[in-house]
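Work through the exercises below with the sequence and the 3D structure at hand. Try each task before reading its solution.

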Amino acid sequence: MKNILGNLGLATTASVQLTFKRGDGQPLKTATLKTKGGEPEQLPLFSSKETICAEVKVANSPGKKVDHYGIKVQLLGQIELASERGHPQDFLSLVRDLAPQGDLVKQETYPAEFANVEMQYDSHRGIQVRLRYLLRVTISRSYANSVVKDFPFWVRNYEAAPAPVPNAAPIKMEVGIEDCLHIEFEYDKAKYHLKDTVVGKIYFLLVRIKLKHMEVEIRRRETTGAGTHARNETETLAKYEIMDGAPVRGESIPIRLFLSPYDLTPTFSNVHNRFSVKYYLNLVLVDEEDRRYFKQQEIQLFRLLDDKAAANGTAEAAHISS
Amino acid sequence: MVAQQETVLSDEQAKWLQEAGTSVKRNAFYMKRALDDDNLREALRYSAAMLGELRTSLLTPQRYFELYMQAFNELQHLEGFFRDETKKGRSYADLYELVQHAGNVLPRLYLLCMVGACFIRGGEGAARDILKDLVEMCKGVQHPTRGLFLRSYLCQVSKGLLPDTGSEFESEEGGRIQDAVDFLLLNFTEMNKLWVRMQHQGAQRDRDRREKERQQLADLVGKNLTYLSQLEGLNFELYQGQVHPRVLEQVVGCRDDLAQQYLMQCVVQVFPDDFHLGTLSPLLAALPQLQPGVKIHVILSSLLDRLARYASVQSTVVEAFDEAGVFQKLLEAAKSVVTQQSGMQSADVTAMYIALVQFTSAVYPDRLDYINQALTACHTALAERSAQEGEGVGAEKQLVQLLSIPLDSYDVVTVLALDKYPSVMALLSPPTRKEMAVKIVDAILKTGTLVDTVQRVGMLFDFIAPLATDVEGVEAPEDDEDFEEEQNLMARLMHQLKAPTLDGQFEVLKAARDRITQGGPNRLKHTIPAIAFAALAVVRGLSAEGQQGQSKTEPVLQFIHSLTAQLAEAGGAAEMALQLFLAAAQAASDEAHLDVIAYEFFEQAFIIYEEAIPDSSSERTALASIVGALQRIRVFSPDSRASLVHKATGYSAKLLRKADQCRAVLACSHLLWQEEEAQADPPSANGDTPAPAPEPSATDDASPDDSSPAGRTSEAVQLQAPVRDAEGVMSCLKRALKIAHAAQQQTAVARRANDTEPVSLFVEILNHYIFYFEAGLPTITASVLQNLLDLVQNDMAGDSCQKDSALVAFYKNTLGHIELQRARGGPAAERYKQIKVPA
């Protein structure tokens, strides 16, 4: 059967290999990604405006000639919603032809280069949406299926540290339940880089309930669609206890939350009109009857330029859990 | 029920502790294994899990402490590892961040404190900043027990790492003493807040148990103060300017009884004496602001103890005290506490003043006025309180203690100068007041203190009023025995009233008389004899000084007279009054030579005899006393004497029993026969006696004798020659014989064959005959005596007499006497030779 198909040219008749390289000749960076399966996955890592070079090796099966209409490599940026699996939407598509129509009778190596590619969106693997980049090698054939092979890579973009705003107002807000609980919370700023530390304080202005403890959660909300079709998925990425026991009026409880241990991404807002990823600090107070009182506050996350170096390799995720 | 619950509770506790302990051990084991594998992340994970056991709310503080110690010990391993880790190039700053990734706040903070301590010790971080961060971050634990232990851990691990003066951690960067002080003060404040808050946790019914548990945690809070006091750099300025005000602000502001009680005492105990002296005013000012339930007196007394000890070690301290007006400040503070703490119990008020008085007597042994001031303040306070409450003062025990301090530390006479003392005493309930009075008298008697001025006598009686007079609220004769004892004390006390001069002494006695005569009949019985005898001693003293003159002695005798008359009037003490009159008569005669007064005394004695002697046996005794006294009196003119003798003889005949009559007559015989040599010193006129250097004043007093007012009733007289009335004696003896015969016949009539008394009477008569025989009474010849002797011998032969061994012995001795006289030789022996003594 294999032979028949092979003879008909229906089987995979050619192997495709692709090696990523950097345009600037530096060693390739990689991103390590956690997967659900366990083994972390390593992908080549690029940023926008970088030049992506690839070396594509195409070879025929021994003794078989592969005739084709042409070989090309595409750089694709795709957004794929869980609801429309299999039908990703390309928001970026660049192509390089590697070979004109002809016969492949031996292994050929083609270099390819995508110079200064604009990749404004970061790669993202969310619950209901993913945004990915890949190089796709296609060997087009007339009567048989084309040979198509994808080579994914990862994109992260960095921001320079924002210029320090003089007298930048911290996030400060008074919230409460009338005659029951009044607190004022304060986070030192609204925008944090991924290795940043959230510093803040909770002032207890009125406490009439018996609190047991208080924690700060980091929550991520992924929104797809818009308007009435909008769908939200929220995950809690961190729970960080900041208070044990019941405070009295006038107490102030310090917050110092290191973001580095958690698997965070920058805030993505309205990516290609398809989705957003937002982050929230959720302050949760739990009373002795396990009732929860909470207040959620959005924070902006960004990837700081300076940690670009650190980004090469595994993020130090020394998240101590107990 | 309750006990059962407690057992169940403690069983559960043990179980919980064991479970938690097991988990600590298990996690510690994995932690150590991870450390061996050099796996920091795992080690941190397990150490956090181990410390997570401390998050329990189930354990009582004591059990929790055990668990804490377990975890504490295990943490040492991690600490060692961290030290090695930095040698490998990892910075403490990294570790400091890394441990903060722990998700739970309690384990995180324990780890942070530990790393923080290493951070400082390693010299890598600035002590000031790290300490500041730690003490702030620990606010994350608001649970009282857990927070207290956590902060106690912080305190423990940072000990020795503070930027104290002279410490290796002190520097521009690392901070100065100020930072060390700030750190400890802040930790103290936070801990105290947690500690105070504990009481509001849980159910109301568990309150007592909770307070007990809080008590157990007190030392954790106090440790901060101890460490503060141990700072090298803590000088007085810093203490005065910062530590003291901030600590007090916290203590006063927390408005918690338990905390205030403990912490105030802690402050008093841990900081040096001179600091207290320097900050005395604000410290004292804090006292009135404390909660009503705080035992302020306990705090004050420990403060005063310290100050007193301080003063006792260094002599200059007392001067410093004076400069600072310490006593006045203390007094004001006490007053202000009383005013502001209206709910303070009288017992506590008193206890506070006890402390003050103790302090004063220790530090100012010579400032009696201070003690008086303290007593005044105490009295005011208590009087107000009892007026408000409309009840007695209570606080008996404390008041007695308060009043006892001066007695123990001062001479009793000195104490008498405390004019507020009696008013404070008056606050006691009557029975206690009396006990106190007994105590005072005891003190006087024990030390032999003499009360030597009229004024002091007045004070003394104010002090011991409950013994001297009836007191409202006490039923007069409670326990007879007790009463007797008390009054015996009073009687003894009278002999402690002694002025240096006789004049003064008399004044003192008069003053005492004025007080005791208000005491009612039951007391007079005891006190009057004592004071009367004391007065007699004055008479004797005057006589010994050669001042028999009436101007001196007469008032004293009059004094005795009126006292005794009072005693007689009081009733129930007729015999005593009679004896007193007789003793006074004796003195009037022998010492003062005042016949009229002596006669008056006898007259009074006779009146009592006639009117008040209740029964025949008392009569007999009383008569014997009268006769005895009269026999010796030498001051009477023959007429006066004759009438008294006549009276006495008359009484003797009126006695009921023949035997009594007989004996009385025998006694009366002696009234007619005074011994020549009875008076050793030759009787002479007053002026002739060479007075042994009389004092000028005495002479002055003596000189106006002649010009004394006409009202004088008596003059000093010469003693009379001894009376020797042989005829009279004989008639007495004969009457005695007659009565004895009558008695014998009575016995026969009554068929009392065994009654030997009549014979005994004869033997007694025989003895008198022998006496007068020897005295040379002319009418008693040998033959008269022989006749009597034969008569007695005859009677004695009776069976019943021979059985009466006492009588036989009496008779034998009588005969023996004759034999002895005969054998002795001399003129008497010659006369005895004529007597034939029966074999």
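Predicted model: local features only at pLDDT ≥ 70, side-chain atom pairs only at ≥ 80, totals over all residues.

**Exercise 1. Aromatic pairs**

Task: State how many aromatic pairs the structure holds over all chains, and classify the pair of Tyr599(B) and Phe636(B).

Solution. Step 1: over all chains there are 40 aromatic pairs. Step 2: the ring centres of Tyr599(B) and Phe636(B) are 5.8 Å apart, and the planes stand at 85°. Step 3: planes over 60 degrees apart count as edge-to-face, so the pair of Tyr599(B) and Phe636(B) is edge-to-face. Step 4: Tyr599(B) belongs to helix H30 (residues 595-612) of chain B, while Phe636(B) is in the loop between helix H31 (616-632) and helix H32 (638-654) of chain B. The pair therefore ties together parts that are 37 residues apart in sequence. Step 5: Tyr599(B) is partly exposed, at a relative accessible area of 24%, whereas Phe636(B) is buried at 3% relative accessibility.

Task: Classify the pair of Tyr609(B) and Tyr651(B).

Solution. Step 1: here the centres are 4.5 Å apart and the planes are at 35°. Step 2: an angle under 30 degrees would count as stacked and one over 60 as edge-to-face; the pair of Tyr609(B) and Tyr651(B) is therefore tilted. Step 3: Tyr609(B) is in helix H30 of chain B and Tyr651(B) in helix H32 of chain B, so the pair ties together parts 42 residues apart in sequence. Step 4: Tyr609(B) is buried, with 5% relative accessibility, and Tyr651(B) is buried with 5% relative accessibility.

**Exercise 2. A charge over a ring**

Task: Which ring does the charged end of Arg108(B) sit over?

Solution. Step 1: the ring is that of Tyr240(A), and the charged end of Arg108(B) is 3.7 Å from its centre. Step 2: a second case is Arg214(B), whose charged end sits over the ring of Trp195(B), 5.2 Å from the ring centre.

**Exercise 3. Two crossing helices**

Task: Describe how helix H2 (residues 40-52) and helix H5 (residues 105-121) of chain B cross.

Solution. Step 1: the two axes come within 8 Å and cross at roughly 115°. Step 2: the crossing of H2(B) and H5(B) is right-handed. Step 3: H2(B) contributes Ser47(B), Ala48(B), Leu51(B) and Gly52(B) to the contact, and H5(B) contributes Leu106(B), Pro107(B), Tyr110(B) and Leu111(B). Step 4: sorted by type, the residues of this contact are six nonpolar, two polar and no charged. Step 5: Tyr110(B) is also part of one aromatic cluster, together with Tyr64(B), Phe65(B), Tyr68(B), Phe72(B), Phe149(B) and Tyr153(B).

**Exercise 4. Buried residues and their contacts**

Task: Find where Ala20(B) lies and which residues it touches, not counting those up to four places away in sequence.

Solution. Step 1: Ala20(B) is in helix H1 (residues 2-36) of chain B. Step 2: Ala20(B) counts as buried, at 7% relative accessibility. Step 3: with residues up to four places away in sequence not counted, Ala20(B) touches Glu53(B) and Leu67(B).

Solution. Step 1: Glu79(B) lies in helix H3 (residues 61-87) of chain B. Step 2: at 13% relative accessibility, Glu79(B) is buried. Step 3: not counting residues up to four places away in sequence, Glu79(B) touches Met114(B), Cys118(B) and Arg121(B).

How values were computed. Residues numbered from 1 in each chain as written. Chains lettered and ligands numbered in written order. Heavy atoms only, no water. Phe/Tyr/Trp six-rings, centres within 6.5 Å; stacked < 30°, edge-to-face > 60°. Helix = DSSP H or I, 4+ residues; strand = E, 2+ residues; numbered from the N terminus. Buried < 20%, exposed > 50% of the residue type's maximum accessible area, 1.4 Å probe, protein only. Lys NZ or Arg CZ within 6 Å of the ring centre and 35° of its normal. Axes fitted to C-alpha atoms, helices over the stretch in contact; angles between N-to-C directions. Left-handed = near helix turned anticlockwise from the far one by under 90°. Contact = heavy atoms within 4.5 Å. Nonpolar A, V, L, I, M, F, W, Y, C, P; charged D, E, K, R; others polar.
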